[in-house]
Amino acid sequence: MANFAQNIPFTVLSMKKRHILAAAAAVLAASVFAASDGNVIEEVAWMIGDQPIYKSEIEEAYQEMQSDRFGIPGDPYCFIPEQIAIERLFLHQADIDTVEVQESMVQMQVDQQMNYLIGNLGSREKVEQYFRKPFAEIREYYVENMRNRTRVQQVRQSLTKDIKVTPADVRRYFSQLPADSIPFIPLQVEVQLLTLNPVIPRQEIDDVKARLRDYSDRITRGESEFSTMAILYSEDPGSSVRGGELGFMGRGQLVPEYAAVAFNLNDPKKVSKIVETEYGFHIIQLIEKRGDRINTRHILLRPKVAEKDLMDAITRLDSVRADIVDKKALSFEDAVRLISQDKDTRLSNGVMVNNGENSNYGTTRFEMSQLPQEVAREVGKLAPGEISQPFIMKDSKRNSEVVAIVRLSKRIDAHTANLGDDFQTIKSMYENAERQAVINRWLANKIKETYVRIEDGWRGCDFQHEGWLKNTK
């Protein structure tokens, strides 16, 4: 779907990574019945306290990890049951600490997962075919898993909340790192971006609205189904294949203009007025309300940008660039504040922040492959401090073309990590090492005080943690 569901990265790459991680965690937390109709008794592989880990549970996890191409370190019949056992130790601690989760947040996250599965596989029916289970059962599977994952995360955070790191700690940690453990940092850059949206003629906007009014009238008269019209005409490729359906979302997940109209709909047979958002123009139909979440379908049309409009924007931005380069009382930062239309950077002097799923997340540093393709191509031509010529780039959120210039603020050549250039990277390494040390010490004590029984055929493993075999003869 188009990402007018705000704050949710719906790119195929990021969602695929999330799905792999979620699926791996889900199978490790899956609940499997010990008997079927009282006739077949499951084989117990491990006992953790009074909780069995069944062979079928491990097999199910293994099959799903293979299906998702999840990299399993070592023997899966050693790795998987140990991970299930570790999670159960955390969940036991969560019970002791009476850790509770915000149920609305769990439901929202599961809705996102269900929406992703439907979008990826095509329909609810195909999701059921893929998992070979009813949709309600699949959903409950993910609800339980998400609830457990959240509780485990809270226990881990509680255990490591008192870790404090000083610059002296980081320097000492770095000085003691073996040479082969010091990371190699590839070429990185810091950049500033200024974008300008081409002016769209009034007639083009009027034509789009007229088309939407025609669709609405045809639906209201009963001549066409909303879902059919969405499949045929909606310019949101993610939802159009599902008849425009977005799936359940909270108000905060939708851009304000869309949410304001959608949450005021009460009759599933009615079609909303035309709604303008940053992504284009929509008409909306209510499917179902469920508490503070709503499921709607929509048809999105975007006014088209003509070649002449793009050229006019390039000419204007070329003039702005000339004023900056000639230092005519206008800096790049001034220009960003005055004319940039990039919502993510216009309030920060155009500085781009890395929001990708990578080690630079949340920083202003990018590897070249982490930048939008058009930006990376221009940055590759620049020396620090230089500003590119105007160029056309795709606004991935709005799925439209904009005109931009980019300034290379800083270039950090590829190098072995050092404290001067990479303090934050090394600090993060140290913090992660400290957190893991705390967790490992806690696990060692927890394993020591917990009854653990590993059955024949499951013992010959080089486990990540010691002590599992203490009760095994």
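Strands E8 and E9 pair in the antiparallel sense over 3 bridges. Two strands count as paired if DSSP finds at least two bridges between them. Strands (E, at least two residues) and helices (H or I, at least four) are DSSP runs, numbered from the N terminus. This is a predicted model: local features need pLDDT of at least 70, side-chain atom pairs count only at pLDDT 80 or more, and totals for chains, interfaces and linings use all residues. Residues are numbered from 1 along each chain as its sequence is written, and side-chain values use heavy atoms, with hydrogens and water left out.

A hairpin of 2 residues joins E8 to E9. Next comes the pairing of E9 with E10. These strands run antiparallel, joined by 9 bridges. Glutamine 285 faces arginine 297 in E10. Their hairpin also has 2 residues between the strands, and glycine 291 there takes a positive phi near 65°. E10 (residues 293-301) in turn pairs with E7, antiparallel, over 5 bridges. Here methionine 249 stands opposite isoleucine 294 in E10.

Together these strands form an open sheet of 4 strands, in the order E7-E10-E9-E8, with antiparallel pairing. E7 (245-250) and E8 (275-277) are the edge strands, each pairing on one side only. Neighbouring strands are turned by 45° against each other on average, direction ignored.

Two helices lie across this sheet. Helix H4 (residues 103-121) lies across E7 and E10, at about 165° to E7. Helix H9 (residues 226-233) lies across E9 (280-290) and E10, at about 45° to E10. Contact means heavy atoms within 4.5 Å. Axes are lines fitted to C-alpha atoms, for helices over the stretch in contact, and angles run from 0 to 180 degrees between N-to-C directions.

Now the covalent link. A search of the whole structure finds 1 disulfide, defined as a pair of cysteine sulfur atoms within 2.5 Å. The partners are cysteine 78 and cysteine 461, with sulfur atoms 1.9 Å apart. Cysteine 78 sits in helix H3 (residues 76-96), and cysteine 461 in the segment after strand E15 (452-454), 383 residues apart. The S-S torsion of cysteine 78 and cysteine 461 is about -75°, so the disulfide is left-handed. Both cysteine 78 and cysteine 461 are buried. Buried means under 20% relative accessible area, exposed over 50%, and partly exposed in between (1.4 Å probe, protein chains only).

Serine 369 is exposed, at a relative accessible area of 66%. It is found in the loop between strand E11 (366-367) and helix H14 (373-379).
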